[in-house]
Structure formats: C-alpha cells, structure tokens
Amino acid sequence: MGINNCILCNSNNNTEIYIQHRDFEIVYCKTCNLYYQQTVKHVDLEEMYNNIYQAKPPDTKNKRYWKNRIKAIYEDICPHHKQPGTLLDVGCSYGLLMEYFISRGWRAAGIDICENAILHAREKGLNCHIATAESFRPDGKFDVIVMDNTLEHFKNPLKSLFSLKDLLAQDGIIYIRVPNVESVILFSGFRNFLGNMKPFEHLFYFSKSALALLLHAANLNASIKLDGNVSLGNILNCYLRSKLVLKDYWQDLNYGISANKKKLYFLLKHIYGEIISVLGSMPVGVRNKELVAIAKKQI
Ligand SMILES: [Zn+2]
C-alpha cells in the first residue's frame with residue numbers, strides 16, 4: 001500500500017517505511033521526525049484492550065513501580081497547580097493515578113475505552129467513564145488533564161488534543177508522558193526493530209521534536225523534558241522481543257486466538273514480566289526513556 005500523508009506535517013514525499021509486517025507498517029516522516037503506524041489489517045481496539053487488561057488487575061505486581069511513577073507525575077504537576085483542583089485522567093485504566101490525587105484532596109474523573117478496566121475502577125467508587133477524548137461530555141472544566149502513556153495510542157492525537165483543550169480550564173495544564181522513540185532506537189541499534197514498539201497499541205512514536213510540533217499544531221504552549229531511567233530490563237526487553245518472542249507472533253498471540261492459547265500466553269507473559277520487572281529496577285544511567293510535556297492554552 002502507499003504511504004498516507006504525514007498527519008502532522010502533511011508531507012508525503014519525505015516518508016519511508018521503517019518497519020514492515022504483514023498486518024501493519026510503521027512509517028517514518030523525515031520532515032517532522034514522527035513515526036506512525038499504517039494499519040493493513042483491521043483490529044477492534046476495544047476488544048484488544050479488553051484482552052490485554054483483564055477484569056481484575058494483578059494484585060501486587062509492580063505496585064512499587066506504579067506508586068513511584070504516579071508520585072513523580074504528582075510532583076511534576078504540583079508546581080503548576082499548588083492547590084488541589086479538578087483532574088481528568090485520560091486512559092485512566094484501573095484508576096491508580098486518580099486514587100493518588102484523590103487521597104491528596106483532588107477531585108478526579110477518568111476515561112478509558114477498556115470496559116474491563118473501567119468496571120473495576122468503578123467498583124472502587126471512582127468517577128470513571130467508557131469514553132474517548134472526543135466523546136466525553138463532562139459537566140465542568142478541568143484544572144489538569146493527564147495522559148500518562150496514552151497519546152501514542154490515539155488514532156488521531158491532534159484531533160484528540162483539540163477535544164481535550166475544550167475540557168481544560170482557561171489556566172489549566174495538559175500533562176503528557178509518552179515513550180521517547182529516540183531512546184528506543186538508540187538501544188535497538190538496527191532497523192526493522194520491534195523491541196519496545198507495540199503494534200496496534202501504539203499508533204504513534206514521538207521524538208521530542210515531533211511532540212513539540214504536535215503540541216504547537218494544537219495551539220498549545222509546551223515545555224518538554226526527557227525523563228525516566230532506562231533500565232537493564234528495558235534493554236533486555238527490547239532485545240528479546242525483537243529477536244525472539246514477538247516479532248512474527250505478535251498478532252497471533254495477542255488477538256484472535258483460542259482461550260487455551262490465551263491462558264498460556266498470559267502465564268508466559270506473567271513470568272516474563274516478573275523477570276523483566278526485577279531487571280527494570282536496575283537503571284543504566286541514561287535518563288531519556290520518556291518525554292514529559294506540560295502544555296497550556298495559548299493566550
Ligand atoms: Zn511529518
């Protein structure tokens with residue numbers, strides 16, 4: 001198939017296929033430094049997320065990791081909004097980030113397209129909705145809108161940012177955290193690399209310059225920093241996933257497989273996840289795993 005125009009800079013003569021797979025292609029735009037997925041095969045995203053996020057979250061797995069991560073987000077946001085206010089978590093999953101902010105006096109709402117995760121969050125009494133950035137119709141505006149590893153999942157991040165801007169209070173902030181594609185590529189070292197790329201989940205892969213361009217296109221003023229320690233686990237994960245595990249089997253393992261195969265897959269994934277999570281606490285001294293943007297409406 002041909003390459004669509006870049007959704008960010010609209011160029012079509014400066015794009016190239018970065019990764020080719022039977023069901024998708026990942027395209028690189030040399031003009032704006034954005035990587036994005038072109039889908040060849042249709043995948044039902046809601047069904048896929050319900051497969052990935054089971055009805056109940058694992059009890060204690062990575063609990064400390066999530067707590068530290070959410071604490072870091074809270075501390076990033078605090079200087080910009082000193083008093084507790086209203087928060088919207090876009091891609092709230094099981095509601096862990098909402099709970100953390102609520103325990104510190106904030107009022108929080110959350111949206112996600114994964115029904116399993118939302119039902120679980122609601123059982124905890126959280127104000128969560130099965131909705132997208134475009135379909136959500138809240139009563140009031142939010143002081144802070146958080147997207148922690150969410151923007152890269154959107155079908156059209158620019159359109160979603162315009163929708164979310166309408167939900168933002170005049171002096172509010174949008175907090176965005178996405179994987180830094182340049183970090184991943186740095187450690188992959190070779191092309192046709194699937195390592196940390198998540199086909200059908202991650203439809204966009206941002207470099208710092210592409211994220212800046214996207215936020216500018218959405219009429220947002222943003223500051224962007226590099227954050228997140230690259231760990232031994234990240235590097236091993238990149239290597240194994242690209243070399244051995246998921247390169248050709250990604251589709252079959254994740255989507256449209258029998259219940260028995262799925263059980264086996266989740267068991268293997270769990271064991272693999274435990275090993276990687278131990279190595280994940282071993283930083284290698286590079287702090288560029290993610291991009292963190294704090295964006296405000298242009299006045
Ligand atoms: Zn472009």
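Me: In this predicted model, is C29 buried or exposed?
Reply: The cut-off for a buried residue is a relative accessible area under 20%. C29 has a relative accessible area of 0%, so C29 is buried.

Me: Which residues coordinate the zinc ion, and through which atoms?
Reply: The spacing of the donor residues in sequence is C-x2-C-x19-C-x2-C. C6 counts as buried at 2% relative accessibility. The zinc ion is coordinated at 2.3 Å by C6 (SG), C9 (SG), C29 (SG) and C32 (SG).

Me: What is the geometry of the zinc ion site?
Reply: Four donors count as tetrahedral if all angles lie between 85 and 135 degrees. The angles among the four donor atoms of the zinc ion are 102 to 120°, and the site is tetrahedral.

Me: How many helices and strands does the protein chain have?
Reply: The protein chain has 299 residues, of which 49% count as buried. Its accessible surface comes to about 14,800 Å², with 53% belonging to carbon and sulfur atoms. The secondary structure of the chain consists of 10 helices and 13 strands.

Me: Among contacts between residues at least 6 apart in sequence, what percentage join residues at least 24 apart?
Reply: A contact here requires heavy atoms within 4.5 Å. For the protein chain, the share joining residues at least 24 apart is 74%.

Me: Which residues touch the most other members of the largest nonpolar core?
Reply: This core has 40 residues. In the largest core, the residues that touch the most other members are L88, L151 and L211.

Me: With which residues is I176 in contact, leaving aside its neighbours within four places in sequence?
Reply: I176 lies in strand 8 and is buried, with a relative accessible area of 0%. The C-alpha atoms of I176 and I145 are separated by 8.5 Å, and the two residues are 31 residues apart along the chain. The contacts of I176 are M147, L151, L161, L215, L291, V292 and A293.

Me: Which residues of helix 5 are buried?
Reply: Helix 5 (residues 157-166) is mostly covered, with seven of its 10 residues buried. Those residues are P157, L158, S160, L161, S163, L164 and K165.

Me: Which parts of the chain does the salt bridge of R177 and D76 tie together?
Reply: The closest N and O atoms of R177 and D76 are 3.4 Å apart. R177 is buried, with a relative accessible area of 4%, and D76 counts as buried at 15%. The two residues are 101 residues apart in sequence, so the pair ties together strand 8 (residues 168-179) and helix 2.

Me: Which residue forms a salt bridge with K124?
Reply: K124 lies in the loop between helix 4 (115-123) and strand 6 (127-130), and its partner 25 residues apart is in helix 3 (residues 96-102). K124 is partly exposed, with a relative accessible area of 34%, and E99 counts as partly exposed at 32%. The closest N and O atoms are 3.1 Å apart, and the partner of K124 is E99.

Me: Which residues are linked in a network of salt bridges?
Reply: The structure holds nine salt bridges. One of them joins R69 and D148, and another joins R177 and D76. The residues linked in the network are R69, D76, D148, R177, K225, D227 and E290.

Technical notes:
Residues are numbered from 1 along each chain as its sequence is written. This is a predicted model: local features need pLDDT of at least 70, side-chain atom pairs count only at pLDDT 80 or more; totals for chains, interfaces and linings use all residues. Side-chain values use heavy atoms; hydrogens and water are left out. A nonpolar core is a set of buried Ala, Val, Leu, Ile, Met, Phe, Trp, Tyr and Cys residues joined through side-chain atoms within 4.5 Å. Buried means under 20% relative accessible area, exposed over 50%, partly exposed in between (1.4 Å probe, protein chains only). A salt bridge is a side-chain nitrogen of Lys or Arg within 4 Å of a carboxyl oxygen of Asp or Glu. Helices (H or I, at least four residues) and strands (E, at least two) are DSSP runs, numbered from the N terminus. Accessible areas come from the Shrake-Rupley method with a 1.4 Å probe; for residues, only the protein chains shown count as cover. Donors are N, O and S atoms within 2.8 Å of the metal (3.2 Å for Na, K and Ca); water is not among the atoms, so sites may look incomplete. Four donors count as tetrahedral if all angles lie between 85 and 135 degrees; four count as square planar and six as octahedral if opposite donors are over 155 degrees apart and all others between 65 and 115; anything else is irregular.
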